[in-house]
Amino acid sequence: MANIKRFHPGVYIKETLEAMEMTAREFSARTGISERTLSAIINGNGDITFNIAYKLSLYFDNSANYWTNLQNQYNLYTYEIEKEKELEEEWNLIKGVKKYLLEGNYISAEDGKTEIICKCRQVVGVNSLLLLKKEDSFVCLKEQHTKNEADCFFQNFWIALALNEARKKDVNPFSKSLLISSLTEIRNMTIQNPTVFYPKLQKIFDNCGISFVLLPYLSKSNIYGATKWFSKDNVMLAISNRGEKADLFWFTLFHEISHVLMEHRRETLINMKGSEDEEADRMASEMLIPQKEWDKFTSCKIYTKESINEFAKEIGIHPCIVLGRLHKEKKVPYDRFNKIFNLQYQITNNKK
């Protein structure tokens, strides 16, 4: 009896009919259950509904609950088996983000398998991590470099985590005018230490109605940053600290600010190639280093430690950002001046 739930209730009907030497057609005629329905139940492919249970109870002189309980026990058993398989699939997915979760203190080394899965679901706010395998769950991947550039799960995981973090924040309604008026102050922060600028940056975004989230970079996600509108009054701006490079931090930040200013509200926008991202790139470059000033600086084609420092000081920006643009436009080799101007940040949300 302990294993009764392992069998579909149709097994008992089939065994009874065999013992009675009765065909399914005759049993159908005696009970009013169609042969088609009866065949599905006997073969384990159909459920015993309340209507069927009632007809069976009249014939076998027992209760309808007896048959519905058999069906419910079997359904629960098959459901648990299916969930066990899903848990294994989820666990295999978690293996790719376990280190990330540990480093972010979302889970602990002492947590068991089931506890880790549950915590991971809570962190990203989904009933099952398998939902994150769907291509368009949280991000739009239609304009990426190639379809194989980044795994959907890792991208969706990072975005879902960022969205959950963003929704915890209490910010004002979005104000485009306030954001525009704050751009100069934000740009001036490039020459400040993170311990100085980060709290002020967070406050500016709160006042502008932007839920700002900075998360560690997740390997295989290939996400630098993302924007997502919750409503007409609130938008998430999330960036990752990929490489912890200061120039990348600032360019990504202004790139995402550009998306906010252009109010691309339809989808979650991430750092993938497309017309919207190209436009955001242009805007970010212009806000950090105006094209007119850049053309003047690069016209001489003389790039030295002194000239880079002088130009950066002249326009009020950190020299690592100037070097970053020189590298991007391939005006100097990628390994040149790195030891001099390379600056790294180690900040994640309110952590330094």
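The entries below cover a helix, some aromatic rings and one glutamate.

Before starting, I noted that this is a predicted model, where local features need pLDDT of at least 70, side-chain atom pairs count only at pLDDT 80 or more, and totals for chains, interfaces and linings use all residues. Residues are numbered from 1 along each chain as its sequence is written, and side-chain values use heavy atoms, with hydrogens and water left out.

**Helix 11.** I looked up residues 246-262, which make up helix 11. Helices here are DSSP runs of H or I, at least four residues, numbered from the N terminus. Helix 11 has 17 residues and reaches 24 Å from first C-alpha to last. That is close to the expected 24 Å, taken as 1.5 Å times one less than the number of residues. I found 15 of its 17 residues buried, so helix 11 is largely enclosed by the rest of the structure. Buried means under 20% relative accessible area, exposed over 50%, partly exposed in between (1.4 Å probe, protein chains only). E263 follows helix 11, and its phi is positive, near 50°.

**Aromatic rings.** I found 17 aromatic pairs (ring centres of Phe, Tyr or the six-membered ring of Trp within 6.5 Å; planes under 30 degrees apart are stacked, over 60 edge-to-face, the rest tilted). One of them is Y59 with F60, edge-to-face at 5.1 Å centre to centre and 90° between the planes. Y59 is partly exposed at 29%. F60 is partly exposed at 24%. One aromatic cluster holds F27, Y59, F60, Y66 and W67.

**E86.** I placed E86 in helix 5. E86 is buried, at 17% relative accessibility.

Note on methods: Helices (H or I, at least four residues) and strands (E, at least two) are DSSP runs, numbered from the N terminus.
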